[in-house]
Amino acid sequence: MKLSKIFIKAPFLVLAAILLFASCAKNKELLFDQSAAIYVSSTPDSAEYSFATSPTTITVDSVLMTFRIIGNASDKDREIKLVPRAISTAKPGYHYKVGKAVVKANMFDAVVPVYLYRRAGLKDSTLLAILDIEENADFKIGYPKQLRFKLTISDILTKPAIWDNAWAPYFGTYSQVKFRFLLTVTGRTNWTSFPFPADSRFLSQRARNALLEYNQANGPLIDENGAEVFFP
Amino acid sequence: MMTSNMKSKYNKAFSILSIVGLILLSGCYKDKSNEGLIDINKIGIVDAKATGVLTVFQNDTLVLKPTLSLSLQEKANNLEYSWVQYSSNGNISLAAPRSVIASMYELKLPISPNEYTLGEPYVLRFQVKDKESGVTYYLNYNIVIGNKYGNGWLVLEEKAGRGDLSFIFPDSTVEHNVYTSRNPNAPITGPKKLELTPFVITDDISAVGKRLYILADNGSQEYNYLTMAKKFDFSFEFYQAPAVIKPQVTTWLSASAAVGNSRSGNLGIVINNYRAHSNLVGGFPGVKKWGDIALTPTGTQNYSLAPFTAGGPNVAAIVYDNTSKRFYNIVAYSATPAAGALTPFANTASSTAFDLNNVGMTEIFQDSADVIHNYNAVMRSDDNQPYLFRFKTVNTSTATPNLSVSKTLMNAPGILNYTAAAGSTNTSHIYYSNTNVLSRYEVSSNSIVESYSFPPSEQVTAIKFAKFNLNDKESVKLARLVVATWNGTVGKLYYFALSQTGAIGNPTKQFTGFGKVVDMAYKY
């Protein structure tokens, strides 16, 4: 049978054969090949740090920022470019220093420490540092709303923002004297997050026993408002 | 004359016939490949111990010697033996490393706790190789490392001021020096009390499990419940250790309405130096330790607790203050009043039987009663009369909890000076001792209904009641009373199989060779 006759007598067979052969073509791999980008993954993307809740012997502390990449891991370490925004009042190298900002090889995220220094000026000032991610050779910038980490640093004893919700049920109305007393007798430095039940039980018990001992030794503890410190 | 077509057909036929002929002829070749074969010594290996899982105890020596059967007995000397071991815990590894641990026919394997983990399964493979043929036959033994101290009576005793433990196994064999052999570097001075939890505790200080404490004048400690090796010093278990270490109670209570070990512990109570400390555990994260001294409702430490506590579905913990002569409630979790503080009972909590907040007597004994969540408390009045107060830790109703149940002037001679006592959870009885006499006080008739006298030289030092014996093979499982005596030289321990009506009868078993028994607990 001649070829022309096959085309005439069985066109669908020929078409199917052509299609079958066409499927043998090598597919192009659909892989992500864009440049990697990076964004702040800390939740929240800010920290309020006060040295006032730490003993005076603590002169350096740190907060941790976390970052995550969009894209593939790399076989080499990649640097994150962090630049303080112009409105920042904290001085880099004096009030704080950003640790090694690197996404390590084969990793998708990074934890970067910011070292904070207890300077005399922090006693009466609250300083601000906003660290922006900028593009560099390793990373483009990631999600637009997750490109900065905001940090406030002070050495002023302030009422924790969660006092009324987290601590007032155990310790009552806030006062600076009461808070300083709690810091001293419990040794707890983190008053900006809600405690676990076991912790709140102990803190409450310790504070009451310590106040009992204080009052027996010194008479009532009076706060800055002239009121006797007590726990409900 | 053949045509070319015929010639071609002839050639084809000739070729096919030639090939077939060659193939047929090749079959006539004599195959000499099996001339060098030797008879294989077929080896059978059997052992009844290999049919199931073999439980082996730590510190024991495992001896295995399977039976061999050989098809060629004359080649018995041509065998090579080996024992291979590997972990068969699939959760750890499906390809655990194999190691050859012996090359003898009979295995004598010391089960060292350092090498064989409690509860872990292992395979021991016995291999026999016929050296001539190179063929290896094998038999697998599945073993699991068990704890022989899992079930039995744990006995705390004092020997020349030092504490030690003995263990009475279900088969009534006794092992002495259990504590000192396991904790040679953690001596106990002045042992006072054994505390075992019947349910698991999730304090995140250590792995979830039951807890074992030994309270002592010096060196109270927590021990591994399974191995009884020391885990922690007493003071480590507090957020801030008390200034005075004088532990009297370390126990865990359950708010569960269930019974036995199906409960879960939620509130721990320590009574140390007559003051309460508490520890709340649950599903929340973080390490849970014992808290600070509980304060009275007026915010003072002016109280002195009796060394007893109880908990239940509606009362996290109830304690008795011998200073203000009243019961207090310890709340598990609350901001105000502070969780862990001594809290008065609501006025509605008490029935007309007596006021929990105003008892007016000194508590000298307390134990579980025969009704679940009910407790008997023996009190001494100011005019030296014994009273039995019964209370419960489950509400009759929310509106009228009626936690106080009854108050009775006891007709129980000598109970104010008892040397040891235990309440029955089966029948309405309290067993107590004076000198060498064991008495059965019946609550319902308010009288002593039976007594048993030990030899005059033996003073009763401890009594424990066990509702049933886990290893009891009888159809009716009888409660057991265990009584320890001391004659100044040696301690003895007696089992009494209590009748269904609580009768003591005569001892069913007797053990000797103890120091002065201070306390006992059934471990399971």
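Two strands count as paired if DSSP finds at least two bridges between them. Helices (H or I, at least four residues) and strands (E, at least two) are DSSP runs, numbered from the N terminus. This is a predicted model, in which local features need pLDDT of at least 70, side-chain atom pairs count only at pLDDT 80 or more, and totals for chains, interfaces and linings use all residues. Residues are numbered from 1 along each chain as its sequence is written, and chains are lettered from A and ligands numbered from 1 in the order in which they are written.

**Stop 1: confidence**

Colour the model by pLDDT, the predictor's confidence in each residue, from 0 to 100. Chain B has an average pLDDT of 90, and 94% of its residues score at least 70. For the model, ipTM is 0.72 and pTM is 0.75.

**Stop 2: a sheet in chain B**

Select β20, β21 and β22 of chain B: they make an open sheet of three strands in that order, with antiparallel pairing. β20 (317-321) and β22 (342-343) of chain B are the edge strands, each pairing on one side only. Strands of a sheet pair through backbone hydrogen bonds, either parallel or antiparallel.

Zoom in on β20(B) and on β21 (residues 326-330) of chain B, which run antiparallel and are joined by five bridges. Within this pair, Tyr320(B) sits opposite Phe327(B) of β21(B). The two strands form a hairpin with four residues between them, and Lys325(B) in the turn has a positive phi of about 55°.

Now show the side chains of β20(B). How many of its five residues are buried? Five of the five are, where buried means that 20 or more other C-beta atoms lie within 10 Å of the residue's own, exposed means 12 or fewer, and partly exposed is in between, with C-beta atoms placed from the backbone. In a regular strand the side chains alternate between the two faces of the sheet. In β20(B), Ala317(B), Val319(B) and Asp321(B) are on one side and Ile318(B) and Tyr320(B) on the other, and both faces are covered.

**Stop 3**

Colour domain 1 (43-146) and domain 2 (151-162 + 417-518) of chain B separately; domain bounds come from an automatic or database domain assignment. The C-alpha centres of these two domains of chain B are 46 Å apart.

Next pick Thr485(B), which belongs to strand β32 (residues 480-486) of chain B. Thr485(B) counts as buried because it has 26 C-beta neighbours inside 10 Å. Leaving out residues up to four places away in sequence, Thr485(B) touches Phe454(B), Glu458(B), Gln459(B), Val460(B), Thr461(B), Gly491(B) and Lys492(B). Touching, or contact, means that the C-beta atoms of two residues, placed from the backbone, lie within 7 Å.

**Stop 4: chain A as a whole**

Switch to chain A, which has five helices and eleven strands. Of its 232 residues, 23% count as buried. Among contacts in chain A with a separation of 6 or more, 73% are between residues 24 or more positions apart. Chain A is divided into domain 1 (37-154) and domain 2 (163-218), with 31 Å between their centres, taken over C-alpha atoms.

**Stop 5: helices of chain A**

Start with α3(A), whose buried residues are Trp167(A), Tyr170(A) and Phe171(A). They are on the same side of α3(A), because they cover an arc of only 80° around the axis; the arc is that of the directions from the helix axis to the C-beta atoms. Asp164(A) and Asn165(A), on the other side of α3(A), are exposed. The cover over the buried residues of α3(A) includes α4 (176-186) and α5 of chain A.

Move to α4(A), where Lys178(A), Phe179(A), Leu182(A) and Thr186(A) are buried. Seen down the axis of α4(A), these buried residues fall within an arc of 100°, so they line one face of the helix. An α-helix has 3.6 residues a turn, so residues three or four places apart point the same way. The cover over the buried residues of α4(A) includes α3 and α5 of chain A. Just after α4(A), Gly187(A) has a positive phi of about 75°.

**Stop 6: where the chains meet**

Show both chains and select the contact, which takes 15 residues from chain A and 19 residues from chain B. On the side of chain A that touches chain B, α3 (163-171) and α5 (197-218) of chain A are the elements that give two or more residues. Which element gives the most to this side of chain A? α5(A) does, with eleven residues. By class, this side of chain A has eight nonpolar, three polar and four charged residues. Here Ala, Val, Leu, Ile, Met, Phe, Trp, Tyr, Cys and Pro count as nonpolar, Asp, Glu, Lys and Arg as charged, and the others, Gly among them, as polar.
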